[in-house]
Amino acid sequence: MNYSIIIGLEVHVQLLTKTKLFCGCLNLFNPDNPNVQTCPVCLGLPGSLPVMNGEAFRLALKTGLALKCDISQFTKWDRKQYYYPDLPKAYQISQYDLPFSHDGWLEIELDAKPGTTKKIGIIRAHLEEDAGKNMHDESGRGLDSRVDLNRCGTPLVEIVSEPDLRSPQEAKTFLEELKLLLRYLGVSDCNMQEGSLRCDANINLHIHTDDGHQYATPIVEIKNLNSFRGVEASLQYEVQRQISEWNKTGRKLDDPGVEKETRAWDPNHGVIFSQPGKKQASDYRYFKLDDPTLAKETRGWDPNRGVTFSQRGKEEASDYRYFPDPDLVPVTVSAEPIDEIRATLCEFPADRRKRFREAYDLSAYDVSVIVSQGRAFADYFEDVAQGCGNGKQAANWCTQDVLRELNERQRTIERFPLRPEVLSGLLGKVNTQAITVKSAREVFVELIADSETKTEQAALWKIDRLIEERGLAVVSDTGELEAVIGAIIEKNPKAVADFQAGKQAAVGSLIGQVMRDVKGADPKLVRQMLIEKMG
Amino acid sequence: MSISGATAVELLARMERGDLSSAEITGAFLDRIQSHDEQIGAFLFVDRDAALGQAEQVDARRKAGRRVGKLAGLPVAVKDVLCVKGQPTTCASRMLRSFVPPYNAHVVDRLNTEDAVLIGKTNMDEFAMGSSTENSAFKQTCNPWNVQCTPGGSSGGSAAAVAAELAPMAIGSDTGGSIRQPAGFCGVVGLKTTYGRVSRYGLVAFASSLDQVGPLANDVAGAALLLEAIAGHDPRDSTCVDRPVPQFSRTVDEPLRGLKVGVVKEHFVEGLDPEVESAVLAALGVYRSLGADVREIRLPHAKYAVAAYYLIASSEASSNLARYDGVHYGFRAEKFDDLIDMYAATRGEGFGEEVKRRIMLGTYALSAGYYEAYYLKALKVRRLIRDDFDRAFESVDVIASPVSPTPAFKLGELLDDPLAMYLSDIYTLSANLAGIPGISVPAGKSGNGLPIGLQLQAPPFEEERLLRAARMFEREKGEG
């Protein structure tokens, strides 16, 4: 069957402000001490009033600009009303018809074809407050549910993409690129485990039949996606589910009575399931939306079971009765603050990839690895590249040696012991053929292990000292080499015989032995001399 | 001269001269509350010891020659819709019977800063919804002039407290007339401020875009003094305007020269009680005799004010009151099946009939498919009403009108007729829609001895003009 996959994402990102969106409470992830970051305003106590946090708005503008959105000159706050225990005012202050930004795009790299990019449209990005968190009893003893309002009032930017994503993998790539961009900007830490980046996905299929017709399957919204893998896995699952649903029922998006479904995804079992609950009449509990063109099913994603499940109880929440919040004044945004913020924006990952490829003549793959490690790592690479004057060499070392060390030590580049000046100093010695690459690796490992190399200068001295102590300086004195090579050949008659019988590989072990004796020897030269001697 | 019959300004002067202490004054009012409030029902909460303690502190500071505030030692009654830290703040609702806020309303902070003595919390219509104080979940308040009649509402407790000389001054809130109408019914002065003049922080919200806190007092100068103490910018209320507060109490006695008083033709229509009409016409005569120019103006959209008001106020109320769901604080039903049922039972049992009526009306008006026809349309009408006033104030300085169509009605008389009850606010609520200030001053009595009020309205932030114009009339009438 011929079909295309249509996916759009709704992403919620918590902003890295000191305080919450409408009160002075700390904005910190603090699940171990519930209800300590609260005040009358975020508790929604009677008579309390919200006051907008200017820093949150600034970070939101930064996000909008980085997503190439149009920034609205006039934006306002609306109340989105529904009842839930984690929402103490029974409404969420959000932005409905006049979001602060709209109509932008984010460029992603297509994994299938490295170096090729695609622009994913951004419908809108708006600012809103987060809700608290309901903590349900998991002991099975039927204890009361509890509510933690530490998170309540945390500033969130909701980013809604156009349905431009054509595969689950593209959706994952988009989300990764968005995370990278927001972390580059410093507007969010985008930690999916802690919930500072959350994602809902809307998906359906366009089925192309043999007679040239095209049909759209009902739209499904999958909720609770809290890992990158989950986004991809649940969408892959949902594609298969919709195909089999189409084959079974032939139901289309514009059929009467078809509405958006919300499903949940169980990653452990890789299937969609219907959430167990009251009134088990149907997996699909439809809810009314005002605009039938928006009809879709809402489903939750269960990461433990690996399934999406149809969400119940949405009937009550279907009409949010949005209206402008009379406790807050609208925000007018003039050109100056926008220009000011624009001037402080860093280079975006996509621009950086392009520039690195051109400036340092790197492969798309290397650039992608470097840039996706985050802004500080890419800065590190660039410092090393400029310091040693060889981009390719810097890229090799950063993507292999440095990354390996970071992974082994579970460190970020900010806490990596070798400053870029030190690494570029070391690589400079390789470039001028003062030491071999192998020697440089040995020095590299020593430097990291050594506590003396805290300062740049100490580290640079240490490089020279290690080269001297260990005799790593490249030896090009053929007289000394000739003596060692002669001795090695004498000690290894079997290897020599093998080589002379045509076994090219035999020379390798001989090179190794020579190198052990003369550390600074140039392996190419050793090879050449050995072959001459044996030949 | 008795303590309880004195004005705030007189009491302050006697304390400053050392003739009287705040403890004596506070004690006298507390005694009157004890002996008379059983009959009047103005107060929901009185903490005698706390009030006397506050009074003694102020006395000690004054005696020691230390600086004291503008209201130093004056008892002030506070409508039970404003949060007072550590005291029950119930909004006269079962829903908040047990609610004790951990913070003060901004206005209460201001009262404390100016060294007022908080003498008690006054009765009101539940969540300030009503025009007779009969919607209180806890008690009935009677009109001190005739205990068979209502004191008006929703700040009926505050107006009755001042009229019955249980306090020289009181704080009320006004969303559609809730200060001015009870002030008129009880024969005291009540002022609704310009929207944004006084912080709403800690005022339990009924309709956020209409609610304002304001003073009630037994004379215009007392209202001026109390307003001066509570007005001004508060960064905790985004809608509170940052502009200087004039010293109303210093200028209140200065008459306005060349005052132009507007009279609205649309106000004198069927339904207006003849005695009220003649009292207002007589008041206009007083202004003419003082050299004012009285001229007719038009407010063409005034007739839509009641409809627009009840849509906007109820819509906002339906949202503001949604938080009372039994989850975090306040009343929770005892019996329920699940979460949804807990919400329904809690709100069904916790709210009174009028509150539920308005929540349902507002929920309906904000619902998808009705929003444009009701809420959005009402906002447009509101704009037109504001434009009417802006145009009118191009040619007049203040607008004079009745406060309400009739003097105080009988307790129970309108309970089964919500629409007739709503119409008792017909002259006051357009000031809330337009955001302009209005004042109610006593303008005589009906044949059966019930007070009749005169309303004056002024352009935004012209409270000073309003108070001076009201004082001109008050002095001439010799009421105060």
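Chain B holds an open sheet of eleven strands with mixed pairing, in the order β1-β3-β2-β4-β6-β5-β10-β11-β9-β7-β8. I count strands as DSSP runs of E of at least two residues and helices as runs of H or I of at least four, numbered from the N terminus. Two strands pair if DSSP finds at least two bridges between them.

I looked for the edges next. β1 (43-45) and β8 (293-297) of chain B each have a single partner strand, so one side of each is left without a neighbour in the sheet. The twist averages 35 degrees from one strand to the next. Angles run from 0 to 180 degrees between N-to-C directions, with axes as lines fitted to C-alpha atoms, for helices over the stretch in contact.

A note on the source: this is a predicted model, where local features need pLDDT of at least 70 and side-chain atom pairs count only at pLDDT 80 or more, while totals for chains, interfaces and linings use all residues. Residues are numbered from 1 along each chain as its sequence is written, and chains are lettered from A and ligands numbered from 1 in the order in which they are written.

I picked out one pair of strands. β10 (residues 438-445) and β11 (residues 451-457) of chain B run antiparallel over six bridges. There, B:Val441 has B:Leu454 in β11(B) as its bridge partner.

Then I checked which helices pack on the sheet. Helix α9 (residues 274-289) of chain B touches β7 (260-264), β8, β9 (398-402), β10 and β11 of chain B. The direction of α9 makes about 150 degrees with that of β9(B). Helix α3 (residues 48-63) of chain B lies across β2 (75-79) and β3 (117-122) of chain B, at about 155 degrees to β3(B). Contact means that two C-beta atoms, placed from the backbone, lie within 7 Å.

I stepped back to the whole chain. The secondary structure of chain B comes to 16 helices and eleven strands. Of the 480 residues in chain B, 60% are buried (20 or more other C-beta atoms within 10 Å of a residue's own, C-beta atoms being placed from the backbone). The C-alpha atoms of chain B fill a box of roughly 65 × 55 × 45 Å along the principal axes.

Last, I turned to chain A. In chain A, 26 residues are in contact with 36 residues of chain B. Strand β4 (residues 78-81) of chain A pairs antiparallel with β18 (residues 323-324) of chain A over two bridges. Four bridges join β4(A) to β5 (residues 91-94) of chain A, also antiparallel. A:Arg79 stands opposite A:Phe323 in β18(A) and opposite A:Ile93 in β5(A).

Technical notes: Buried ≥ 20, exposed ≤ 12 C-beta atoms within 10 Å, placed from the backbone.
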